Amino acid sequence: MQCLVARYGERGLRFRLPEVPVEVGSRPGADLILPFPGVSRRHARLQAVPGGVVVTDLGSRHGLAVGDRKLREVLLVKGMQLQLGAATLSIEEESTSDLEVAFAVSRSPKGPRDVARPERETDSGVVGGGSPAAALRFIRELEHRGPLRAGDLFEAMDAARPILGAAGLVLFGLDGAGSPVARAVAGAFPVDTLLPDLLPLPAHPPGQGRKDAQRWLHAPVLRVVQGCEVLLASSPAGEEGGPRALAAVFSPGSGPDATWKHELVGFLAHRLLKREALEPASNREDHPAARFRRADLPEVVVPEGMVIGGSDAMTGLLRQIRTTVRSRMDVLLLGETGTGKELFAKLVHLSGPRPDGPFVPINCAAIPLELLESELFGIHGRIATGVDPHVGRVLQAEGGSLFLDEIGELAPPLQAKLLRFLQEREVHPLGAQAPRKVDLRVISASNRDLEQDVRDGRFRADLFYRLRGLRFHIPPLRDCREDVPAYVLRFAQAAAAEHGKRVDGISRKALSVLTRHDWPGNVRELQAEVHRAVLLCPDGGTLMAEHFGPVLWAVEKEQREREAATPATAPPSTAAPAPGPAPVPPTPEPAAPPASFLLQDRVDAVERATIEEALRASGGNKTKAAGLLGITRGGLLMKMKRLLGGDGQGSR
């Protein structure tokens with residue numbers, strides 16, 4: 001089977017040969033989207049003919065080229081490479097029907113590449129709902145506010161992101177070792193893996209002062225990093241506080257193809273990278289409230305391995321945390337299993353008033369009741385033979401944060417002791433003569449409905465009210481489906497690095513399957529499925545839908561159930577109903593008894609039906625069917641021989 005393949009550097013997109021004339025370009029509305037430098041918004045028209053594809057230029061900036069020849073129209077055949085801007089287009093053989101790659105996974109070993117700034121297009125369409133007029137209004141509003149302070153960073157970045165149509169914005173600096181450190185983040189992308197690839201920062205041309213630096217900031221550099229286009233602007237390295245940078249990250253197909261976007265990023269960099277914008281207002285002597293040492297709105301410190309989502313639900317949660325994180329009040333995190341409550345607890349700790357203090361977690365459901373009290377409060381002295389003294393988790397967390405995971409599983413006797421500790425802020429180790437005062441912050445988490453448990457008498461009401469000083473609900477993944485691509489990219493990169501494999505990307509079909517699934521296990525389930533898919537994917541291959549077999553089956557099953565639950569509407573009858581008594585509904589016949597009540601017979605029936613379905617889905621290919629079932633080909637042949645009869649052998 002033949003397909004169209006577009007390449008730029010190590011990135012590649014694959015498309016089916018068009019059955020009707022289609023338009024190719026970089027704009028989101030194009031039939032075939034090529035988010036590569038030099039590809040115009042409306043670049044060319046493609047029409048399949050016997051023997052190849054006729055490609056006609058639509059007045060693009062860089063036109064069509066074969067070798068050194070510029071062409072207005074060309075017949076693209078197998079073995080030929082056609083140049084469209086910085087990309088190449090060719091016809092190749094492709095054995096799978098899962099063709100188009102949604103985004104690249106592997107990083108380029110050569111690091112980021114600086115590419116030319118795109119020319120202004122005649123079509124002024126806008127990506128992501130923004131427009132030059134909206135950008136101008138935003139600039140005027142920002143100018144009207146005067147000098148920006150630390151608390152204004154997040155608000156400005158959150159407002160600019162949808163105007164730019166960017167996946168995210170990140171403001172970062174360099175630490176003493178030259179490593180990037182994020183100061184503020186808006187949007188959904190794997191910050192911890194992307195920032196290192198943005199180095200080195202662009203070199204500044206020699207200038208005579210700050211005015212030259214300000215002028216340079218209005219021309220940010222466009223780079224291609226990890227399959228995304230990034231507009232990067234930085235401050236001069238010699239400025240007080242060291243170099244700082246602002247990066248606007250664009251997903252494939254929504255790149256910064258308009259000059260006004262470059263200018264808006266340059267304006268933001270000019271405003272946000274000023275030293276006074278990055279310094280808390282309370283630290284400046286000229287601030288009216290300096291004598292009160294008032295901490296301004298803080299930045300959120302993202303723990304290692306955490307992906308920040310850009311969905312409305314996740315953005316709202318982070319905004320709540322950001323406005324309250326400097327408080328010393330205890331925090332209660334509620335959310336379903338697998339939503340990443342411990343990562344959010346670390347985020348609260350690292351962003352709080354004592355980020356340098358210890359973060360001590362304890363799972364209240366994993367430790368037996370008999371040991372949990374001593375584990376929490378410790379043992380002072382040798383209270384019995386064979387019992388050694390040790391410091392409890394509460395004292396270990398002195399000056400930092402104590403994280404009580406699964407607090408809803410705490411037994412009633414310990415609930416009373418924990419309540420006293422929270423009220424008095426003192427701990428009495430077993431065997432100690434007197435209690436000891438402690439100074440720490442308690443962060444609790446539960447996947448239970450604690451309010452319902454209070455009503456049912458399973459959880460103390462006074463303890464619940466004491467724990468929920470600040471309460472945050474972590475949304476399930478099904479309410480943040482637009483964050484799935486960012487999670488998949490992060491997990492695929494981590495799994496590929498762990499197993500020493502190269503994964504080029506993930507197909508659009510596979511990504512569509514993942515975003516349609518409801519994910520009852522949330523982010524933890526998604527991470528496990530991506531890890532499994534990377535193991536099944538061949539080295540140097542692309543993650544296909546077939547690599548996510550259990551998810552694909554679940555999505556197809558959900559679709560069948562929805563279709564079965566939707567009643568078929570009969571066409572309305574034009575004839576008037578005949579008068580007379582209402583018809584008597586027929587008496588339903590009793591359901592036929594099952595053929596067998598033996599458990600093994602029932603299991604065999606389910607296995608037989610599942611194997612037949614997998615064989616139909618794979619077109620009879622036993623190797624592919626075994627992959628869908630998650631078993632080996634030999635295992636499938638043995639089951640076919642036992643359940644379907646015959647020897648189970650075949651050519652495929």
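A: Let's begin with a sheet. Five strands make an open sheet with mixed pairing, in the order E4-E3-E5-E6-E9. Strands here are DSSP runs of E with at least two residues, helices are runs of H or I with at least four, and both are numbered from the N terminus. Two strands pair if DSSP finds at least two bridges between them. The edges are E4 (32-33) and E9 (73-76); each has a single partner strand, so one side of each is left without a neighbour in the sheet.

Q: What should I know about the model itself?

A: This is a predicted model: local features need pLDDT of at least 70, side-chain atom pairs count only at pLDDT 80 or more, and totals for chains, interfaces and linings use all residues. Residues are numbered from 1 along each chain as its sequence is written, and side-chain values use heavy atoms, with hydrogens and water left out.

Q: In which sense do E3 and E5 pair?

A: E3 (residues 22-25) and E5 (residues 44-49) pair in the antiparallel sense, over three bridges. Look for Glu23, which sits opposite Arg45 in E5.

Q: How many helices and strands are there in the protein?

A: You'll find 20 helices and 27 strands. Of the 652 residues, 48% are buried, where buried means under 20% relative accessible area, exposed over 50%, and partly exposed in between (1.4 Å probe, protein chains only).

Q: How do I read a nonpolar core?

A: In soluble globular proteins, nonpolar side chains tend to be buried together. A nonpolar core is a set of buried Ala, Val, Leu, Ile, Met, Phe, Trp, Tyr and Cys residues joined through side-chain atoms within 4.5 Å. Here the largest core has 65 residues, and Phe172 and Phe344 are among those with the most contacts inside it. Helix H14 (residues 484-499) supplies the largest share of this core, eight residues. Another core, of 31 residues, lies apart from it and includes Leu334 and Leu418.

Q: How do I describe two packed helices?

A: Two packed helices are described by the angle between their axes and the distance between the axes. Axes are lines fitted to C-alpha atoms, for helices over the stretch in contact, and angles run from 0 to 180 degrees between N-to-C directions. Helix H9 (residues 369-377) and helix H11 (residues 412-424) pack at about 10 degrees, with axes 11 Å apart. H9 and H11 are therefore roughly parallel (angles under 35 degrees; over 145 is roughly antiparallel, 65 to 115 roughly perpendicular and the rest oblique).

Q: Is Ser374 buried or exposed?

A: Ser374, in helix H9, counts as buried because its relative accessibility is 10%. Leaving aside neighbours within four places in sequence, Ser374 is in contact with Ile379, His390, Gly392 and Leu430.

Q: What about the two faces of a strand?

A: In a regular strand the side chains alternate between the two faces of the sheet. Take strand E16 (residues 221-225): five of its five residues are buried, so E16 is largely enclosed by the rest of the structure. Val221, Arg223 and Val225 are buried on one side, and Leu222 and Val224 on the other. E16 also forms a hairpin with E17, with two residues between them.

Key: Contact means heavy atoms within 4.5 Å.
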